[in-house]
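Take a walk through this model, one element at a time. Keep the sequence at hand as you read.

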Amino acid sequence: MGMSQSMRTGLNSILSDVDKINPHGTLGINDSVVSSIYYAAESIANEVVSQKEKPKTDWDKKLDDILTSRVFGFPSMLLLLGVIFWLTVAGANVPSAMIADVLFWGQDRLTDLCNYLHAPAWFHGFFVEGIYRCLAWVISVMLPPMAIFFPCFTLLEDLGYLPRVAFNLDRLFKKAGAHGKQALTMSMGFGCNAAGIVACRIIESPRERMIAMLTNNFVPCNGRFPTLIALAGVLVFGMGSTFGATAIVVGIILLGIAVTLAVSWTLSKTLLKGVPSSFTLELPPYRKPQIGKIIVRSIFDRTLFVLGRAICVAAPAGAVTWLLANIYVGDLSVLAYCAQWLNPFAQAIGLDGFILMAFILGLPANEIVLPILIMSYLATGSMTELDSIEDLYNLFVVQHGWTWLTAVCMMLFSLLHFPCGTTLWTIRKESGSLKWTLLAALMPLGIACAICFLVAQSVRALGWV
Amino acid sequence: MGLTNQSCGTRVNKETFTKSTAKVDYVIALAGNPNTGKSTVFNALTGLNQHTGNWPGKTVLRAEGKYIDHGLVFNLIDLPGTYSLQANSVEEQVTRDYLCFQKPDATIVVVDATCLERNLNLVLQVLEITSKVVVCVNLVDEAKRKKICVNIDALAAKLGVPVVATAARDGIGLDKLVKTVTEVANGTLKTAPYYVQYHDSIENAIKKIQPQIKLLVGEEEFNTRWLALKLLDKDQTVLTELEKYLRRKENVTTEIGGELWA
């Protein structure tokens, strides 16, 4: 539908007048206008703003001198990360065990109830050992670390630390051919990869935005932290050191950042060629975080979020896992059959069939990978109660023959594997392309398999396990 | 308060938090520099929990929320944070096009009391586009801590639009903000915005083509001074939007004409 003649001529005659008045932009309107506006803003500000006395010390500047300095920038970043994870690892143990005690006490009561009602065995198995147990695991393993990690992370965000991280990492991302703001989107990924993908909109160049989107899941989201923390706990079990577990988790995160940079670099040299665009990053003033509000919001919002997701995803996943573990084809359950089929490949990358199966079944949400694995092990093992890291250690190491290599490979796989279903859906929506979404799923999977394979084979060849 | 329930997981794919099916009396735009607390003001007014955080560029989703004042429903649109309206970036263009062509009933420009000068650049540019503006000087608590004093009355007198001081995080000044926005939106509070005076050659050029533009788009609909300036600069993005707008307007008139014929 075109414009009517009169409007078209009206606009055209204006434009031809413009050509006469301002031929080839001789008036230099843009520059002149910008400087006039700046001048006006300055003179108004001078009239209405007064600063009685300069504050004696400029704390913002002092802090920035340390947090963004070439020498102390990275060490202070590591230290902050270390402190947050130490708090999370050390602080999560006790509430985890308490919640597990309560929830598994509840399971026993439900079992009593089923016995009392003479409920059929499949009913008890499906609802109590399947759905209820999976929910209980998700809540007791996942909730405490999140309830601690989130307020800490938010505190830093409110304070204004994230742009400083971006400032520190800018040089590295530039070198990788990516955008400096990718440090910000990466940081959002620690909270939730789907949120990180949407945050990529702050990157203007489509090329750099795509790089940021494709590499976002190499930082563990809040659904994967608890898995990593629990595995780190199993790994240092017996040494009884929360510092050891913290060091492992921090190490995994640094590895994630390294992989992010390496993959960004590779992409910018191959599929998404180009030079990084420059940008100005404003370092906002530090602001006093609203601690009370942060704690209330993080705990309530996150608790509700996790519980909601647990009910939506973990309950069906628990049901499916129970069914797979209890439907027999010949001598083997469907689950054992699948695991056996996956086992040769899984062994080659340092895992076992059940672990790989758990990752596949955990596609809808990363939170449920560990609970599914525990359920599959429990369904095939003899143990029924499990409420501490010690029990977890017994289940994994004593009953299912894990070595330290298995734990390391599972952590690596968890860090690097395909993003969760929600994140993939978000990538599809944000990129508008099925092709890039497929790449976003297959590329991390390939990298995860390759790295795990290399690690497992080298360690075995060297005879370390 | 960081990532919230509404800004995680599958919810990130929901562009707006409330569906605008119910009746809306006024549409209010929320503009401002990045990191001035726009989202905090938005949350405080609408009671929604949009992600807030102390880093520039955080609001990437266009969020909409409602609040009620004196029984009237206000639809608040949180625009992305921008430093100017020169349309150098997507955010700037989105914000500018929204203010110019979607015509909100009033626009709140949130500014940071601790660095007013830089923030005023945006205010002055918004005033060129729309006169129905309320300036919200936020973070006055922060400014006080830094011993910075902003003379609110003098600023209002200078800008010719109402100015409200707020500390949105603690809910201070929000009642007054709501009241002022209502008055500007329903027209009981008339504004006389300050226009930046440009170089004489530019002012003369504007005077030459402004009458023709008034004829084309009408005096009520647009600030023809600003439109003249943009057309003089041959701003392609404005031209495209203007053509779209004229086409839309014409379709409406034809439809009405059609009904009359039938």
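H19(A) is followed by Gly463(A), whose phi is positive, near 70 degrees. Helices here are DSSP runs of H or I with at least four residues, strands are runs of E with at least two, and both are numbered from the N terminus. This is a predicted model: local features need pLDDT of at least 70, side-chain atom pairs count only at pLDDT 80 or more, and totals for chains, interfaces and linings use all residues. Residues are numbered from 1 along each chain as its sequence is written, while chains are lettered from A and ligands numbered from 1 in the order in which they are written.

Stay with helix H19 of chain A, residues 434-461. The expected span is 1.5 Å times one less than the number of residues. Thr437(A), Ala440(A), Pro444(A), Ala448(A), Cys452(A) and Ala456(A) are buried in H19(A). Buried means that 20 or more other C-beta atoms lie within 10 Å of the residue's own, with C-beta atoms placed from the backbone; 12 or fewer means exposed, and in between is partly exposed. An α-helix has 3.6 residues a turn, so residues three or four places apart point the same way. What covers the buried residues of H19(A)? The cover includes H9 (206-215), H13 (334-348), H17 (404-416) and H18 (421-431), helices of chain A. Contact here means C-beta atoms, placed from the backbone, within 7 Å.

Now turn to chain B and helix H7, residues 200-217. H7(B) bends by about 35 degrees at Ile209(B). The bend is the angle between axes fitted to the seven residues ending there and the seven starting there. Pro211(B), a proline, follows within four residues. Ile209(B) is also buried, as are Ile202(B), Ala205(B), Ile206(B) and Ile213(B). The buried residues of H7(B) pack against H1 (5-21) and H2 (29-48) of chain A, together with H8 (224-232) of chain B. Just after H7(B), Gly218(B) has a positive phi of about 85 degrees.

Finish at strand E5 of chain B, residues 133-138, where 6 of 6 residues are buried. Both of its faces are covered. Strand E4 (residues 106-112) of chain B runs parallel to E5(B), joined by 6 bridges. E5(B) also pairs with E7 (residues 163-165) of chain B, in the parallel sense over 3 bridges. Pairing requires at least two DSSP bridges between the strands.

Definitions and conventions: Two residues are in contact if their C-beta atoms, placed from the backbone, lie within 7 Å.
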